Amino acid sequence: DSSSNGMSVQAAFCYFKLRDEATRIKGWARAAPRSYKDEEETTADIDVDETIASVLADNPSVTEVNLNNVSKVTSENLDQLIEALATNTHISKLQLTNTRFKDSHAKALAQLLITNTTMLSLNLESNRIGREGIKALSKALTSSNATLRELRLVNQYQGAGAGAEMDFAKCLEKNNTIIKLGYSFTYPAARVLVDKYLTRNLDFERQKRANVYV
């Protein structure tokens, strides 16, 4: 019981990384406390409206949106951003750590991921995504999306529950592109399945890289 020593509840954070070596795969798991704080640079001085406008304009020079830890981001801003992303063809990295991103946003984002062909990395850590949001995102991974390679969901305000975690893990069975996944699993069986499918995807990636040099 973690409460007995004053520490927050810990769960396994499965995070696998593809190494440059063409014939080697290496992965690791580390404990991630519920109080995990994103360490990336805070972008508090960013103009949120201007950022959304550039995404809506589908500016070719804008390939990343970083609103990590921007406290002035509102729920309406997130709705507007997701709507803008639906027609954007250049954003490949989206970072929304600690923006009060919740289930309704996750559902909308999951819907656009079904047809999106440019998003490679998605960071939604330290938010308020619960069971319904996790389910929506996991279903998007089983769709026609063959682009997204990194998904970070560690440290959500509320847990998804064992059922949603297992559904999430099983959905990865039908996805061959995710090679980096961050999530604080509380259900060991789900973590084992995720380990299995990420290792498989890493192997697919290794084979593709090796074939380039054949």
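Colleague: Which residues of helix α2 are buried in this predicted model?
Modeller: Let's start with the terms: helices are DSSP runs of H or I with at least four residues, strands are E runs of at least two, and both are numbered from the N terminus. Buried means under 20% relative accessible area, exposed over 50%, and partly exposed in between, with a 1.4 Å probe and protein chains only. Helix α2 covers residues 75-85, and its buried residues are N77, L78, L81, I82, A84 and L85.

Colleague: Within what arc do the buried residues of α2 fall, seen down its axis?
Modeller: The arc is that of the directions from the helix axis to the C-beta atoms. An α-helix has 3.6 residues a turn, so residues three or four places apart point the same way. In α2 the buried residues line one face of the helix, because they fall within an arc of 160 degrees.

Colleague: Which exposed residues does the face of α2 turned away from its buried side carry?
Modeller: Here we look at the face opposite to the buried one. The exposed residues there are E76 and E83.

Colleague: What do the buried residues of α2 pack against?
Modeller: Contact means heavy atoms within 4.5 Å. By that rule, the partners include two strands, β3 (64-66) and β4 (93-95). The buried residues of α2 also pack against the helices α1 (48-56) and α3.

Colleague: How is α3 placed relative to α4: roughly parallel or roughly antiparallel?
Modeller: Axes are lines fitted to C-alpha atoms, for helices over the stretch in contact, and angles run from 0 to 180 degrees between N-to-C directions. Helix α3 (residues 103-113) and helix α4 (residues 131-141) have axes 8 Å apart and pack at an angle of about 5 degrees. Angles under 35 degrees count as roughly parallel, over 145 as roughly antiparallel, 65 to 115 as roughly perpendicular and the rest as oblique. So α3 and α4 are roughly parallel.

Colleague: Is K170 buried or partly exposed?
Modeller: You will find K170 in helix α5 (residues 162-171). Its relative accessibility is 46%, so K170 counts as partly exposed.

Colleague: How far apart in space are K170 and L193?
Modeller: In sequence, K170 and L193 are 23 residues apart. From C-alpha to C-alpha, the distance is 7.2 Å.

Colleague: How are residues numbered, and which pLDDT do local features need?
Modeller: Numbering runs from 1 along each chain as its sequence is written, and side-chain values use heavy atoms, leaving out hydrogens and water. Side-chain atom pairs count only at pLDDT 80 or more, totals for chains, interfaces and linings use all residues, and local features need pLDDT of at least 70.
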